[in-house]
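Please consult the sequence and the structure shown here alongside the notes.

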Amino acid sequence: QVQLVESGGGLLQTGGSLRLSCAASGRTFNNNAILGWFRQAPGKEREFVAAIRWSGASTDYADSVKGRATISRDNAKNTVYLQMNSLKPEDAAVYYCAAKPWYGGLGNFRTLEYDYWGQGTQVTVSS
């Protein structure tokens with residue numbers, strides 16, 4: 001069983017930056033695991049933000065954050081990060097970390113069915 005715990009959310013300003021962390025426990029990921037970030041704003045469906053193959057070989061970003069967000073991982077800490085700059089009010093949401101322990105395909109991580117989810121961390125962006 002995998003446990004994912006997000007941290008780093010809070011009240012941020014438009015134009016500012018966020019750095020979210022997702023600490024995983026319960027298993028060591030192999031290079032073909034996929035770790036992703038999703039978000040859900042009130043009244044909206046959950047949407048994909050970014051994902052990374054645990055090897056670091058490939059990433060995938062939603063168009064809405066491409067160029068502003070960077071997903072990274074620290075294998076030694078079993079942690080995945082989301083750095084996002086130039087925050088907009090529409091970035092406000094609950095951000096969730098998700099994990100798929102193995103995926104051998106190429107790219108397009110946004111459509112995968114993830115097996116494990118964190119409890120989420122609230123990000124509020126003030127204008």
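The structure is a predicted model. The protein chain contains eleven strands and zero helices, and its pattern along the sequence reads β-β-β-β-β-β-β-β-β-β-β. The radius of gyration is 14 Å, close to the 14 Å that the globule rule gives for 127 residues, so the protein chain is as compact as a globular protein of that length.

**Overall dimensions and packing**

- Taken along the principal axes, the box filled by the C-alpha atoms of the protein chain is roughly 40 × 25 × 25 Å.
- Of the 127 residues in the protein chain, 44% are buried.
- The protein chain has an accessible surface of about 6300 Å², and carbon and sulfur atoms account for 46% of that surface.
- Where contacts in the protein chain join residues at least 6 apart in sequence, 59% of them link residues at least 24 apart.

**The four-stranded sheet**

- Four strands form an open sheet in the order E1-E3-E8-E7, and their pairing is antiparallel.
- Strands E1 and E7 (69–74) are the edge strands, each of which pairs on one side only.
- On average, neighbouring strands of this sheet are turned by 15° against each other, direction ignored.
- Strand E1 (residues 3–7) runs antiparallel to strand E3 (residues 18–25), and five bridges join the two.
- Arg-19 stands opposite Gln-83, a residue of E8.

**The largest nonpolar core**

- In soluble globular proteins, nonpolar side chains tend to be buried together.
- The largest nonpolar core of this model has 39 residues, of which Leu-35, Trp-37, Leu-82, Met-84, Tyr-95 and Tyr-114 touch the most other members.
- At least two residues of this core come from each of E3, strand E4 (34–40), strand E5 (47–53), E7, E8, strand E9 (93–100) and strand E11 (121–126).
- Beyond four places away in sequence, Tyr-114 touches Ile-34, Gly-36, Phe-38, Phe-48, Ala-51, Ala-98, Ala-99, Lys-100 and Phe-109.

**Lys-100, a buried lysine**

- Lys-100 is located in strand E9.
- With a relative accessibility of 17%, Lys-100 falls under the 20% cut-off and therefore counts as buried.
- Apart from neighbours within four places in sequence, the contacts of Lys-100 are Ala-33, Ile-34, Leu-112, Glu-113, Tyr-114 and Asp-115.
- Ile-34 is in contact with Lys-100 and is also touched by Tyr-114.

**Asp-63, an exposed aspartate**

- Asp-63 belongs to the loop between strand E6 (59–61) and E7.
- The relative accessible area of Asp-63 is 63%, which is over the 50% cut-off, so this residue is exposed.
- Asp-63 and Lys-88 are 25 residues apart along the chain, and their C-alpha atoms are separated by 14 Å.

Notes
Residues are numbered from 1 along each chain as its sequence is written. This is a predicted model: local features need pLDDT of at least 70, side-chain atom pairs count only at pLDDT 80 or more; totals for chains, interfaces and linings use all residues. Side-chain values use heavy atoms; hydrogens and water are left out. Two strands pair if DSSP finds at least two bridges between them. Axes are lines fitted to C-alpha atoms, for helices over the stretch in contact, and angles run from 0 to 180 degrees between N-to-C directions. A nonpolar core is a set of buried Ala, Val, Leu, Ile, Met, Phe, Trp, Tyr and Cys residues joined through side-chain atoms within 4.5 Å. Buried means under 20% relative accessible area, exposed over 50%, partly exposed in between (1.4 Å probe, protein chains only). Contact means heavy atoms within 4.5 Å. The radius of gyration is taken over C-alpha atoms; the globule rule is 2.2 Å times the number of residues to the power 0.38. Accessible areas come from the Shrake-Rupley method with a 1.4 Å probe; for residues, only the protein chains shown count as cover.
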